[in-house]
Amino acid sequence: MAVRGNSIIKGVEISEIIRLLNRAYADEWLAYYQYFIEAKVVKGIMKDAVISELTLHAADELRHATMVADRIVQLGGIPLLNPQEWFKHTNCGYEEPSEFDVVKILEDSIKGEQCAISTYASISDIVKDKDIITYNMVSQILADEVEHEEDLQALHNDISEFIYNIKKSIS
Ligand SMILES: [Fe+2]
Ligand SMILES: [Fe+2]
């Protein structure tokens, strides 16, 4: 535990920051797995572009899990040790792919990103001006999640428009 480093945290309980970060940590692992498995099972038009995006996101979520775990340890906490705990602590849950169509997979993923944005925005409100290190980390992750949502939405729009045009041209 970083004794002097943690002494600069004011106005918020360290145990509360650890609790919030462990919940986010569970979210990151579940998001990682969701992207990982979606990239394996996704089907349909422009599938390759979607697989590239999902794979990129999976890597980012795993990187976020690493950042969050490192900060938990720095604060003197212990990151969740058992994957079974992920489901108990997650904010955003896990959207098991039910239909493998590109459009449905993208919609599930967009929902996940929107939840991640809300989660990190709320942590950032809590630690702002109190724990600058966690605040900076959360800001970086939040920027990634906003970019994720935008990339998925743009892909979703492109594919939807493409499908619409094809349907129009054959009708
Ligand atoms: Fe993430
Ligand atoms: Fe994300």
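Predicted model: local features only at pLDDT ≥ 70, side-chain atom pairs only at ≥ 80, totals over all residues.

Residues are numbered from 1 along each chain as its sequence is written.

**H2 and H5.** I looked up helix H2 (residues 14-41) against helix H5 (residues 102-127). Helices here are DSSP runs (H or I, at least four residues), numbered from the N terminus. The two axes come within 11 Å and cross at roughly 165 degrees. Axes are lines fitted to C-alpha atoms over the stretch in contact, with angles from 0 to 180 degrees between N-to-C directions. That makes H2 roughly antiparallel to H5 (an angle over 145 degrees). Among the H2 residues that meet H5 are Ala-24, Asp-27 and Ala-31; the H5 side includes Gly-112 and Ala-116. Contact means C-beta atoms, placed from the backbone, within 7 Å.

**H6.** Helix H6 (residues 132-170) has 39 residues and should span 57 Å at 1.5 Å a residue; its end C-alpha atoms are 57 Å apart, which agrees. The expected span is 1.5 Å times one less than the number of residues. I list Met-137, Glu-145 and His-148 among its buried residues. Buried means 20 or more other C-beta atoms within 10 Å, exposed 12 or fewer, partly exposed in between, with C-beta atoms placed from the backbone. The buried residues of H6 pack against H2, helix H3 (47-74) and H5.

**Loops.** Most residues other than glycine have a negative phi. Met-46 has a positive phi of about 55 degrees. Met-46 sits in the loop between H2 and H3. Asp-129 has phi near 65 degrees and lies in the loop between H5 and H6.

Conventions
Chains lettered and ligands numbered in written order. Helix = DSSP H or I, 4+ residues; strand = E, 2+ residues; numbered from the N terminus. Parallel < 35°, antiparallel > 145°, perpendicular 65-115°, else oblique. Contact = placed C-beta atoms within 7 Å.
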